[in-house]
Amino acid sequence: MFKTPLSFSLGSERIGLIALHLRWVTLAVVLAISALASLGTDRLEVDDSLSELFRSDSEDYRQFELLSKRFPSSEYDVLVVIEGPGLLEREALSALRNAVIELQFVEGMRGLISIFSARASPEPGKLPPPLFPFDFPEGQAYDELIANVRENRILDGKLLSTDGQLTLIVLALDPDVARSNGLKNTITDISDTVSGALNGTGLSVQLAGAPVMQQEIRDAVEQDRIIYNGIGFLIGVVIALIFFRHVSFMAIAIIPPAVAILWSLGALGWADFQLNLFLNVIAPLTMVMAFSDSMQMTFAMRERILAGAGKMEAIRHALLVVGPGCFLSSATAGLSFFALTFADSALIRTFGTAGMVCMSVAFLAVITVLPLVAMFILGNTEKLAASLNTNDGPVSFLRRWSSYIAGYVTGRPLVFAGAGLFFAVLLGVAHLGLVPRYRLADQVPDREQALKASSRLDTKLTGANPVDVMVDLPDGVGIYDPRALEVIAKVHSLVEKQAGVGNVWSIETLVRWIAENGQDDVGLLEQYIQLLPDHLTTRFVTKQQDAAVVTGRIPDIDANDLLPTVHAIEEALQPIRAAYPDYGIYVSGLAVLAARNSTSMIQKINMMLTAEMVFVSAVIGIAFRSVLIGIVSLLPGLFPVFVSGASLAVTGEGLQFASIIALTVAFGLGLNATVHYLNRLRLEAYLDCKPEVATARAATLIGPALIVTSIVLACGLAVTVFSDLPSLRLFGRLSAMTLIASMVAGLLLLPACMLLVKRFQARARKKNYETDCRDGVDAGAQLDPAE
């Protein structure tokens, strides 16, 4: 056992030494913490809010919150999309009306709107009668009824497509039900009710709307947490067993990451974090960091046992030699998450905080649990060493291959460093050209019915995503004031003329409908609105009648494509705002909020990534007491990021929230191999001052662990490509690509760069030594021999 040089980990790796001397006490502590963590995981809930990503202190979000508070209906609407060429045939229409009647009895429903809610044009002095009679007529009379239905201003392009083949039923759910665990049962009841009533009619049924999307997000998050994390862990077990060829070493490498995941999720549960689209990747990320550190320590322990060391000495060696690298890699990964805490989005800030917590917990779990497991599992090390010597094919192959690569690279450092720099610049140019992108469809499961139904609404009814213009009335002015109705009418006309916006609805829709027969009596309008249920009137007028909203619908398009439409509406509203300065007129809605903020938010996170790179590089330079090492460490750290970024440029996916988060964390993951290599090189250089020898030996020693770790983690994360969540699929794909690119950088670029650095430092020391010698000779020549 050699004496290690001064550690940069503040002695944190020595926490693991406790398990060597107090293993039963340590076991009791670990079991107690694990039990508490298990209780904490039960406290984890899923946050399925679609707007949480944009929650901030900005004026845009405050307006969105005010709109949602005053007009909350769209948050709780289930959209039932029914389509078929025979939709308006008598038999199908009768079945559809029966479905609407049965839906009234679904638990948790406050009311609904359908084509059967419509009324015929009112006659002078009378309230409008129902559009559909109790008994459907037959023959020509039925044809005339259908003609009137398709021409009805309330229905055309709003609840019934122009071609008469798609209709929309809007169900308003009780807010308490929409926020409860019973939402899934309610959605199932709605689907079963409509499907059963329409059975045999040839009509298709799909559900959309915020509650359906939220439930699908909940289901996907729960499924991914259980299935894909489990599959990824199982892959790790199998590959580790294949390479180690011994259950004990497989257990030593696998158990600490499993405990790290449990402790991390437990800590998040006790801290009242909620799982969401981003926190769903915390478990895989914890596994990545913990497994990487665990594998490095297991290989180090294994090498000492093969060299004839006893159990205690091998464990102690792994802790003191590899432990500092584990600390620094966790610290740099934590700094990667720390950069996210400065984001505007509350969701991303929460993700950054959770990441820092999990990286700290993962380090403590590995440094504590691994030596404990080793103490209990490892038996007679002499027999174990003999067994490994006769059955060490896979690891011996990796060791020989790592040695060959290290020798080849260190023999041509300029070639590999130059090639690495060239490709980094080339890929970096592609990465820097990425354009921010955001679509709601990328945030919800795309293999379920909600997006498919929304797509049909995009095609047939101009879209399912609302664009709202809220009109805030002056104090003391009621909704039926002529001036108030005039302002709303002008806003309505402006919105419906805007290209890309359709299905515009407001109180002006009713005014025009009543005016079709030459009536403009405000009293009739007020009388009719009073007959409508609250769940319908609160879609366009507040209960206090102090504000109104004009709602248009748009398809689910990229935020960059929607932003010009939002700007055009804002610009067109300026004359109305100037003419009516006492009225507050605000453009809002989730789609508008996303269009205004997604691009700037992604750009800011990208800028934080750049700042993070510089900061982490400085930390590495300080840790290894070399500015040059800090600078050089950027190349192998940037290479995986640029590879992933270039792949996004090739596929045209651009910078999405999931991808920029993946790239931010990828930099931290990419540095893991760099840190472990630099730590090992520090120790080898302490033993052998020859740069070529120390550089090649460090690469040979970390090579097998780096290769196995990269393969295991890449395969484990790659299984997320089967997830229903597009964002998680993208994250898993980029993370797997990053790990492989990080392995390439660790085996080829880093040894070459560090050999050049070591040679430069050696020449500098030699030059300084020669200068000092000459100065000493010159000083001696000036002395008087007698003195």
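Helix 10 and helix 11 cross in a right-handed sense; that is, the near helix is turned clockwise from the far one by less than a right angle. Helices here are DSSP runs of H or I, at least four residues, and strands are runs of E, at least two, numbered from the N terminus.

A word on the model. It is predicted: local features need pLDDT of at least 70, side-chain atom pairs count only at pLDDT 80 or more, and totals for chains, interfaces and linings use all residues. Residues are numbered from 1 along each chain as its sequence is written, and side-chain values use heavy atoms, leaving out hydrogens and water.

Back to the pair. Axes are lines fitted to C-alpha atoms, for helices over the stretch in contact, and angles run from 0 to 180 degrees between N-to-C directions.

Who touches whom? Contact means heavy atoms within 4.5 Å. On helix 10, the residues include Leu 285, Met 289 and Asp 293; on helix 11, they include Glu 313, Val 322 and Phe 337.

Four strands form an open, antiparallel sheet, in the order 8-9-7-10. Pairing needs at least two DSSP bridges. Strand 8 (502–505) and strand 10 (584–588) are the edges, each pairing on one side only. Twist averages 15° from one strand to the next. Helix 21, residues 559–579, packs on this sheet, touching strands 7, 9 and 10. Its direction makes about 175° with that of strand 10.
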